[in-house]
Amino acid sequence: MNPCKPLMMALAGLLAAPPLQAQIRVDITGGISAPMPIAIPAMPTPAAANTAAGNTAALGRQVADVITNDLKNSGLFAPLGPGAVRPVSFKEVTSPDLGYWKGTGAQALIQGFVQANGDGTLTVGCYLYDIYSAPSASEMTRQGYVVSPRDWRRAAHKCADTVYTRLTGEGPYFDSRVVYVSETGPKNNRTKRLAIMDQDGANHRFITNGQNIVLTPRYSPNGEKIVYMTFAAKQPRVYIYDVGTGSQRLIVQQANMTFSPRFSPDGRYIVFSIAVNGNTDIYRVSAGGGAPQRLTTSPGIDTAASYSPDGSKIVFESDRSGVQQIYVMNADGSNQQRISFGSGRYATPVWSPRGDLIAFTKIGGGFSIGIMTPGGGGEKILTGGWQDEGPSWSPNGRVIMFFRTGQGSGKADLWSVDLTGVNERPVPTPLDGSDPSWGPLLP
Amino acid sequence: MKNMTTKLLLAASLIAVAGCAKKKPAELPPPPAQSEMPAAPESTGPVSSAPVPGSRADFLAQVGSDTVLFDTDGYNLDSEDTATLTKQAAWLKSHPNVAVTIEGHCDERGTREYNLALGDRRANSVKNFLVTNGVAASQLSTISYGKERPVATGSDEASWAQNRRAVTVVPN
């Protein structure tokens, strides 16, 4: 994979900011209101040209399909994609045919174009219109993205992010990736491999070969590294994988098992657990290695640590009270306070990137994904399967990905759910999947 | 030729062990259905010669079981466990050059990371008992597989009971 090339740039000069006026907005407070109908016709090309990703005429349809899928999966839109509305001509892109669009039932319209540039790059234009603003359709935003042909899907995700952000007020999340554990094989001998994919399942690739059990991969804040646990050489330890180079290195030289790693928000530290003679505590170590600093000392199992987005606090689970419960402490280990007091057990807490919520696994009867505030209030259970566990937040703190294991089969799959508890849907993976970690928004 | 004979005898005794694997071993806790736990070999027959001393087959033949089972979320050893482990300790003390690995395992009804820690607790529970009973710590290493390697594949209490285990693995 190509590390850190300037993949795209907004054409700020060419595309001026639209005027602000009273405009439509998607209600994001709950799952009761109907999703907004939005039309996304296939994008025309000013001149059909062959590129490394195919002809620009065909790409225009594919870009619109990716945008359609993103918006549909958010649960907040009811897209009329290229299969449901007529294609548009290049000159219509900046002057939409309102008569036609009003007849489709859509409230908003995304038009755009795909153009091959002389230097081998593509430009994808992206325009959002409010169909019902009087007296004429108003342009709500426009963006242009210059990408190498192999990154055409990223341009589509960027367009979908722009529209989503403009209409919901939420931060973007479609142009992001997920690392997870791909699983296959019999229940008593599952093969587990690390795999990376776009958040919509595209561009899937395996990054370990399945020789060793691998668990709990987590992206670094800039997406360039993945920290995870592997049973390589029958020594279960935390390793760091460099996405650009494919190299891996042991993070802490330890006689005991190291596991449950996660980066700090600034990427400088890794918080993780060490099990010493049956007692598990939480430690922190520089991402470059060195001597770990012990943060918890209670007899019992302290694990599953996750930083607050400002880095000042750590949420974790501990069974020091007898069963697993959620605690918050300062990043130096001081002031450890229990925050979960409901019935049942609470595990795998993960702090939202917005800072306002903590997602967790609730154990009581079944296994469910829930959320609560960092103070322990507002507990809400979002899902209920035979066994749902391991939540991970989207970069905008709006969607939670988790894995669901089937009763009997032991087969696990990735799912996502909106933080309001609606729009639960499977995330496509070629094999089974567990332990998703949603990476950051790509630059 | 002598070598060949030994191998044949070993193979025969392994078959004998496998053949009675579903039999309820007297000294084990209540029988999980379809137990895959190794059991003591049947008493003497034409192929009853002893396994190679210090081998896994020898361990299983003399100790009776390489496995102890735990309660949900538990890591304490009950009297049946300590009876098994006392025999394991005796065998290990009489074979001080054999290094073994104690594997800790959990049932599927726990979160992944907690189960890694719980498996470590179980493996160390066994290790500590063996050391207390005279086995050299240098003979023993531990590893936790959490819930990643069940022996029983059902999603029911009987399967979970079998999977909450610590296994003393003698090299083959």
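**Sheet of chain B**

I looked up the sheet of chain B and found four strands in an open, mixed arrangement with the order β1-β4-β2-β3. Here helices (H or I, at least four residues) and strands (E, at least two) are DSSP runs numbered from the N terminus, and two strands pair if DSSP finds at least two bridges between them. The edge strands are β1 and β3 (140–146) of chain B, each of which pairs on one side only. From one strand to the next the twist averages 15°; for such angles, axes are lines fitted to C-alpha atoms, for helices over the stretch in contact, and values run from 0 to 180 degrees between N-to-C directions.

I then checked one pair within this sheet. β2(B) and β4(B) pair in the antiparallel sense over four bridges, and Ile102(B) stands opposite Thr168(B) in β4(B). Helix α4(B) packs on the sheet, touching β1, β2, β3 and β4 of chain B, and its direction makes about 155° with that of β3(B). Contact means that the C-beta atoms of two residues, placed from the backbone, lie within 7 Å.

**Basis of the entries**

I note that this is a predicted model, in which local features need pLDDT of at least 70 and side-chain atom pairs count only at pLDDT 80 or more, while totals for chains, interfaces and linings use all residues. Residues are numbered from 1 along each chain as its sequence is written, and chains are lettered from A and ligands numbered from 1 in the order in which they are written.

**Helix α3 of chain B**

Which residues of α3(B) are buried? I list Asp81(B), Thr84(B), Leu85(B), Gln88(B), Ala89(B), Trp91(B) and Leu92(B). They cover an arc of only 165° around the axis, so they sit on the same side of α3(B); the arc is that of the directions from the helix axis to the C-beta atoms. A residue is buried if 20 or more other C-beta atoms lie within 10 Å of its own, exposed if 12 or fewer, and partly exposed in between, with C-beta atoms placed from the backbone. On the face turned away from the buried side, α3(B) carries the exposed residues Ser79(B) and Ser94(B). The buried residues of α3(B) pack against α2 (56–63), β1 (67–69), β2 (100–105), α4 (112–132) and β4 (165–169) of chain B.

**Contact between the chains**

I found that the contact takes 21 residues from chain B and 30 residues from chain A. On the side of chain B that touches chain A, the elements giving two or more residues are α4 and β3 of chain B. The largest share of that side, 10 residues, comes from α4(B).

**Chain A as a whole**

I recorded three helices and 31 strands for chain A. Its radius of gyration is 23 Å, close to the 22 Å that the globule rule gives for 443 residues, so chain A is as compact as a globular protein of that length. The radius is taken over C-alpha atoms, and the rule is 2.2 Å times the number of residues to the power 0.38. Along the principal axes, the C-alpha atoms of chain A fill a box of roughly 70 × 45 × 45 Å. Of the 443 residues, 52% count as buried. Among contacts in chain A between residues at least 6 apart in sequence, 48% join residues at least 24 apart.

**A five-stranded sheet in chain A**

I traced an open sheet of five strands in chain A, with mixed pairing and the order β4-β1-β5-β6-β7. β4 (77–80) and β7 (138–147) of chain A stand at the edges with a single partner strand each, so one side of each lacks a neighbour in the sheet. The twist averages 20° from one strand to the next. Strand β1 (residues 36–39) of chain A pairs with β4(A) in the parallel sense over four bridges, and the bridge partner of Ile38(A) in β4(A) is Pro79(A). Helix α3 (residues 152–168) of chain A packs on the sheet and touches β1, β5, β6 and β7 of chain A, its direction making about 155° with that of β7(A).

**Positive phi in chain A**

Most residues other than glycine have a negative phi. I noted that Thr216(A), not a glycine, has a positive phi of about 45°. Thr216(A) is found in strand β11 (residues 214–219) of chain A and counts as buried because it has 24 C-beta neighbours inside 10 Å. Ala233(A) also has a positive phi, near 55°. Ala233(A) is placed in the loop between β12 (225–230) and β13 (237–242) of chain A and counts as exposed, with 8 C-beta neighbours inside 10 Å.
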